[in-house]
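Please read it alongside the sequence and the coordinates.

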Amino acid sequence: MKRRAAQTTLFLLVACLPLLALANNPQTPQLWVEAPTVVEIDRTFHVRVSADRPVTFTLTYADWTVEQVDQALDVQLSARAGVRDLTIEAVDRNGATTTQTVALTPVPPVEPRWVITGGSRPGDPFTVSVRFERDQLAALGSPEILIDGRPTPLLQEGEIFYAFGVAPLRTEADTVPIELRWGRESVRSEQRTVAHGPLAGDVQLLQLSGEVLSAVTPEARELEAAALARARANLAPQPQWQEPFLLPIEGRGTSGFARSRRYAPGGPVSFHMGEDIAAPTGTPIRATNDGVVVLVGQYPIKGGLTVIDHGGGVTSRYYHQSRMNVTAGQTVRRGDVIGEVGSTGLSTGPHLHWEMRVHGLASNPLAWVNRKRP
Ligand SMILES: [Zn+2]
């Protein structure tokens, strides 16, 4: 009996709350409007209006009128040249009226012109270059790009925006989706894809001695991964190079980039993330381009390792060196001798393992040689 009384009291309290709230409301409906201030002519834009109570909305823009009874209104409109006002009227059931006008600035539609160069095989780097009209961007805000779903820094040179990507190392033929977005308030986007072929070639079996293989322990892997992660912490956002990339040593290519390999018969298959170039121990290794050394050290698997940050998301890595001539933090110029070929770490003979990473992803180093951009 007592419980029922308590429930009734609670019910009455809950039932009366909306009435109390209504009594406190202002006379006229309160409105919240979400609309862009800059709109592209002939493109659609979205307007959302909500009210503090059910109302009859009348939205007027150019020669369109939308009328709807609800507490919220969502409309897609097409922007008109020369039309600056969008008017919303909201009338509640007692006839209380609120009118609000939104000022819009129509601008010519944005038509980015973009080209993608490079990237037809897995691991091939590519460059996405985009040109906008300068005055439109001032009104619409900076564009953004997503490569394979990942937000990627857009670099700028004059009126051209560009970004670097890599066709991923997949054995099947596939495409890389690229999405360009712009518009500060009302996001618009365009999609492209980079198609790439399948990864060719058989799985190579590497004949490594037990002694050499014993270097590959989980601890060694973690140690190297942590060092590389630390080196990634302070990379230059802007490209530091002006000239084409160069081959760090002259030698005989022994194991191409992206070859699939096993370290033991029946073992797991991994991809070769760099280009191996065989050369005698002591052969000078040159910096592939201008940059800053971000990591130097002797490591159990990668051996004598140097990482150079070239800025713009591009880094080069040099493994198995017998000697390193640079220190972390040092600025190097294209062609500077940074170390010497060796066979340290997980290696079967003197060679340079050279990697070119783009936003951390392995790309085909040879695709950079003699080019300023892929
Ligand atoms: Zn290698």
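## Terms and model

Two strands are taken to pair if DSSP finds at least two bridges between them. Helices (H or I, at least four residues) and strands (E, at least two) are DSSP runs, numbered from the N terminus. This is a predicted model, in which local features need pLDDT of at least 70 and side-chain atom pairs count only at pLDDT 80 or more, while totals for chains, interfaces and linings use all residues. Residues are numbered from 1 along each chain as its sequence is written.

## Confidence and overall make-up

The average pLDDT (the predictor's confidence in each residue, from 0 to 100) over the chain is 87, and 89% of the residues score at least 70. Over residues 8–24 pLDDT stays under 50, and the model has zero contacts beyond four places in sequence for them, a contact meaning that the C-beta atoms of two residues, placed from the backbone, lie within 7 Å.

The chain holds four helices and 29 strands. Of its 374 residues, 32% count as buried; a residue is buried if 20 or more other C-beta atoms lie within 10 Å of its own, exposed if 12 or fewer, and partly exposed in between, with C-beta atoms placed from the backbone. Among contacts between residues at least 6 apart in sequence, 65% join residues at least 24 apart.

## Strand pairings

Strands β3 (residues 44–61) and β4 (residues 64–78) run antiparallel and are joined by 14 bridges, with threonine 44 having serine 78 in β4 as its bridge partner. The two strands form a hairpin with two residues between them. Strands β8 (residues 113–118) and β9 (residues 125–131) also run antiparallel, joined by six bridges, and arginine 113 is partnered by arginine 131 in β9. Six residues lie between β8 and β9 in their hairpin, where glycine 119 in the turn has a positive phi of about 70°.

An open sheet of three strands has the order β16-β18-β19, with mixed pairing; its edge strands, β16 (204–205) and β19 (270–271), each pair on one side only. Strand β18 (residues 260–262) pairs with β19 in the antiparallel sense over two bridges, and arginine 261 stands opposite serine 270 in β19.

## Nonpolar cores

A nonpolar core is a set of buried Ala, Val, Leu, Ile, Met, Phe, Trp, Tyr and Cys residues joined through C-beta atoms within 7 Å. The largest has 27 residues, of which Val128, Ile145, Ala163 and Ile178 touch the most other members. Two or more residues each come from β9, β10 (144–147), β13 (160–166), β14 (174–182), β28 (351–358) and β29 (361–363), and β13 gives the most, with five residues. This core lies between domain 2 (113–196) and domain 3 (204–367), because both give residues to it; the domain bounds come from an automatic or database domain assignment.

Apart from this core lies another, of 19 residues, among them Ile277, Val296, Tyr299 and Tyr318. Leaving aside neighbours within four places in sequence, the contacts of alanine 163 include Val128, Ile145 and Ile147, as well as Pro153 and Leu155.

Most residues other than glycine have a negative phi. Alanine 62, in the loop between β3 and β4, has a positive phi of about 50° although it is not a glycine, and alanine 62 counts as partly exposed because it has 14 C-beta neighbours inside 10 Å. Aspartate 148, placed in the loop between β10 and β11 (150–152), has a positive phi of about 55°, and its 18 C-beta neighbours inside 10 Å make aspartate 148 partly exposed.
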